[in-house]
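Colleague: I am new to reading folds. Could you walk me through one?

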Amino acid sequence: MQADDLAAIAEKHRTSRKQYCLRTCMSAGCVSSRADAIKQGLDAAVKAQGLEAEVEVRRVGCMGFCGLGPLVGLDGRGEKEILFEHVKPEDAPAIVRAAQGQEHGLQVGDPDHPFFAKQMRVVRANGGIIDPERIEDYIAANGYQALHHVLTETRPSEVVEEVTRSGLRGRGGAGFPTGLKWGTVAKSPGAKKYVVCNGDEGDPGAYMDRSILESDPHLVLEGMAVAAYAVGADQGFLYVRAEYPLAISRLQIAIRQAKQLGLLGGGIFETPFNFNVDIRIGAGAFVCGEETALMASVEGRRGTPRPRPPFPAERGLWGCPTLINNVETFANIAPIINRGAGWYAGIGTARSKGTKVFALTGKVQNNGLIEVPMGITLRQIVEEMGGGAIGGAKVKAVQTGGPSGGCIPAEFLDTSVDYESLTKLGSIMGSGGMVVMDETTNMVEIARFYMDFCRDESCGRCIPCRAGTVQMFNLLEKIVTRRATARDIALLEELCDLVKHTSLCGLGQTAPNPVLSTLRFFRNEYLELLQPGPSGGEAAVPPAGPGLAAAN
Amino acid sequence: MRDKETSVARVLRHASGDKRFKILEAQIKKFQGRQDALIEVLHKAQELFGFLEDDLLLFVAYRLKLPPSRVYGVATFYHFFTLKPQGAHTCVVCLGTACYVKGSAKVLAAAEAAARIKAGETTADSQLSLLTARCIGACAIAPAVVYDGQVAAKQTTEMVLAQLEKWREPCKPTT
């Protein structure tokens with residue numbers, strides 16, 4: 001495989017395209033609403049009307065507007081695509097009539113809707129456009145050009161430099177500068193190094209990584225291969241949740257196809273660079289999103305974290321230097337190489353560059369996946385793109401960062417979406433879950449919901465997290481059921497502080513965040529549930545020792 | 001020690017003649033018997049047998065040359081693995097944040113009441129296992145429920161009860 005071969009595949013694929021294309025979303029959300037029957041119906045209708053030469057029915061990945069699914073897009077009629085919403089299998093003949101320019105009488109979406117218009121698609125550029133199960137589609141969309149470029153024209157150190165200059169930060173949530181991490185792994189001594197893609201998207205209410213893996217698996221593989229070249233690794237692991245069977249099967253297909261074309265494996269692009277990727281399937285443990293726990297799981301052990309340092313960049317899988325990045329981080333690499341670090345650094349704010357994919361869900365009109373430039377305000381996302389709360393209700397809060405994040409109240413909706421601003425409000429960027437809550441949502445119950453989650457998912461390795469999450473949950477339960485007094489709130493705050501500062505890994509260190517942020521912004525809701533306590537007002541703080549004993 | 005030897009012998013005798021063990025063995029060979037493939041092997045084992053019974057775990061331990069404690073430790077650590085047999089049908093209610101905000105707790109409570117079991121349990125007649133998931137990533141179509149592996153969108157209490165009822169019907173005695 002050389003540059004010419006790549007160009008030939010792309011050219012052949014482009015010329016074989018038909019005049020009209022019916023793109024059928026076959027991502028997990030739409031598939032659950034019978035998208036497979038819709039695709040079969042479209043195939044049959046095209047055949048029945050004898051249009052095989054003109055109309056292509058293409059399986060595509062996530063089109064984004066999942067709340068209106070199943071979706072079918074029509075290209076070739078007019079300048080803009082025609083988007084059919086809430087499609088049913090029996091609509092297939094009418095959609096094929098629409099492809100011929102005839103009356104169809106179906107519900108059609110507005111392609112200029114703010115939900116689409118305000119997006120900036122870098123990572124999701126191919127999502128909903130290409131067939132994720134055909135490598136030719138990806139190659140025709142300039143796929144594997146970045147890998148070819150770095151392998152044949154740049155040194156590994158230049159790749160690290162380019163990624164550093166782009167300002168890309170880890171999309172898993174914490175926002176560690178990606179270039180710095182790559183540089184550390186590249187400099188770590190060792191003949192054997194590994195690249196790991198963290199696809200253990202455990203935050204409840206988030207599905208960006210699932211969508212990227214289902215819609216554009218080669219983009220992630222290409223990003224991993226570029227990273228491997230930059231840091232000097234020859235083996236990669238893609239860790240995916242078992243809850244995402246469709247993503248796993250598409251990745252398996254993608255890896256097989258890439259190997260067949262010599263884009264993975266030995267001597268890629270006829271250079272001495274070798275890179276293999278194996279899929280590792282998770283088994284339902286939230287803590288495995290933490291990098292040291294993830295490595296234990298890749299090695300086939302219980303997914304418990306270990307203290308850092310040493311960081312994985314120095315001693316990771318089987319003691320070798322290991323680069324671990326999130327799915328979305330790897331998905332940003334090929335666009336950065338193709339279009340340049342300068343272009344990428346031009347998007348976003350001073351310290352948060354590029355775009356971020358969010359799963360906009362909860363009590364909001366327009367549910368779905370959006371990719372927006374950093375620096376956009378929460379109000380633009382929730383009110384303009386999301387269309388506000390359902391049924392004209394008032395938005396009460398926006399939750400970001402899942403069980404590690406916090407609830408941002410409506411009065412701060414004008415906050416810019418970047419790592420620092422969200423942290424200042426006691427939340428985090430997180431992996432991209434954005435759950436909108438309206439006035440009917442009880443914030444204390446939400447805090448209890450997250451603590452229940454953390455209690456369940458705590459791996460049990462360190463005591464603050466193992467015992468602390470249980471005690472915090474019990475206190476929240478006591479508050480929700482109106483049995484608590486002001487002393488319990490004080491005790492809860494004390495425990496939050498303790499667990500936050502003494503837990504071994506990120507799970508425990510951030511578990512108190514949903515409680516702390518709701519206590520900060522919605523304290524009244526807690527106070528309303530209290531019983532008049534023996535110690536009187538809220539200010540009374542019990543001494544630490546007896547307080548803890550009382551909770552046990 | 002004697003105990004362990006006899007249990008290995010028993011497991012291998014149990015395994016001979018069962019085609020599923022042959023398939024599992026082929027999978028282990030595919031991973032070249034690598035011990036770090038333990039989780040992948042357990043996934044395959046659960047897919048073939050439905051759940052991980054003790055003899056099956058011992059078989060995996062023996063074939064991967066791992067101590068049974070290590071295999072048992074991994075099997076019990078991860079939520080996805082189950083050591084108990086599942087019912088003929090499974091109903092998994094997603095309790096992710098988006099589903100929770102949109103009322104999945106009510107859906108679960110209704111299912112629990114209708115099936116007269118708690119989440120995580122199987123009915124006495126082994127017809128239904130009621131389970132919960134932490135998030136299946138179907139947040140835009142919340143609340144989501146997975147019936148026998150098929151994700152269903154925007155579920156209401158009535159829809160869940162109707163599905164449970166549908167499963168119950170063919171099992172009614174035909175008198």
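This is a predicted model: local features need pLDDT of at least 70, side-chain atom pairs count only at pLDDT 80 or more; totals for chains, interfaces and linings use all residues.

Modeller: Residues are numbered from 1 along each chain as its sequence is written, while chains are lettered from A and ligands numbered from 1 in the order in which they are written.

Colleague: In what order do the strands of the open sheet in chain A run?

Modeller: Terms come before the case. Strands (E, at least two residues) and helices (H or I, at least four) are DSSP runs, numbered from the N terminus. Two strands pair if DSSP finds at least two bridges between them. In chain A, 4 strands form an open sheet, ordered 7-6-5-8, with parallel pairing. Strand 7 (276-281) and strand 8 (322-326) of chain A are the edges, each pairing on one side only.

Colleague: Over how many bridges do strand 5 and strand 6 of chain A pair?

Modeller: Strand 5 (residues 194-199) and strand 6 (residues 235-240) of chain A pair over 6 bridges. One pair of bridge partners is A:Val195 and A:Gly236.

Colleague: Which strands of chain A does helix 11 lie across?

Modeller: Contact means C-beta atoms, placed from the backbone, within 7 Å. Angles run from 0 to 180 degrees between N-to-C directions, with axes fitted to C-alpha atoms, for helices over the stretch in contact. Helix 11 (residues 217-231) of chain A lies across strands 5, 6, 7 and 8, at about 150° to strand 5. Helix 12 (residues 245-260) of chain A lies across strands 6 and 7, at about 165° to strand 7.

Colleague: How many residues does each chain bring to the contact?

Modeller: Chain B gives 32 residues and chain A gives 39.

Key
Two residues are in contact if their C-beta atoms, placed from the backbone, lie within 7 Å.
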